[in-house]
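Have the coordinates open while you read.

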Amino acid sequence: MTSQLELLAFATVRNLEAAGLSLATAESCTGGLIAAAITGVPGASAVFRYGWVTYCTEAKERLLHVPPQLIEEHSVVSEPVVAAMAENAMRQAAADIGVAVSGNAGPSAAEGEPPVGTVCIAVARRGAPRPTHTETIVRPGMSRNDFRAMAAARVLELVCALASQPA
């Protein structure tokens with residue numbers, strides 16, 4: 001049975017391919033689910049550059065060069081942090097599009113962090129006339145797997161749509 005995520009990944013790869021665009025991913029709460037969905041599509045090597053799973057804060061800082069001050073000011077689950085993750089992933093991979101996701105899938109939230117069921121998403125495009133797109137989704141009460149799949153699906157929807165638009 002083909003899942004929604006598989007269908008979105010297929011459409012995303014085809015749209016990226018048709019537009020001659022490449023993709024890099026920076027994932028936290030999805031744990032590589034976006035990269036796995038993309039690379040599950042035959043021909044993905046033509047569009048997929050790199051993927052990072054930066055689950056801990058230190059990885060976001062060291063591997064994606066997210067400034068510690070940004071994390072301290074906004075938290076790892078925030079639009080400014082995912083924007084920095086997406087932009088830096090795009091730059092480091094020399095990709096046309098960079099995506100990032102960071103969220104809290106539970107079971108609990110640390111003090112000062114967004115509540116369980118919160119995910120922040122960013123999509124950056126090289127040379128785009130608009131700044132990096134960011135959004136926050138709050139869906140409390142979902143299972144960890146459903147939450148991760150929902151976040152990954154939303155990222156693929158955004159990339160699929162972006163790849164079909166002119167720069």
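1. Glutamate 157 is partly exposed at 30% relative accessibility (buried is under 20% relative accessible area, exposed over 50%, partly exposed in between, with a 1.4 Å probe and protein chains only). Keep in mind that this is a predicted model, where local features need pLDDT of at least 70, side-chain atom pairs count only at pLDDT 80 or more, and totals for chains, interfaces and linings use all residues. Side-chain values use heavy atoms, with hydrogens and water left out, and residues are numbered from 1 along each chain as its sequence is written.

2. Glutamate 157 makes a salt bridge to arginine 154, with 3.2 Å between the closest N and O atoms (the rule: a side-chain nitrogen of Lys or Arg within 4 Å of a carboxyl oxygen of Asp or Glu). Both sit in helix H6, three residues apart, about one turn of the helix (helices are DSSP runs of H or I, at least four residues, strands are E runs of at least two, numbered from the N terminus).

3. Arginine 154 also pairs with glutamate 135, at 2.7 Å N to O. Glutamate 135 is buried at 13%, while arginine 154 is partly exposed at 26%. Shared partners join Glu135, Arg154 and Glu157 into one network.
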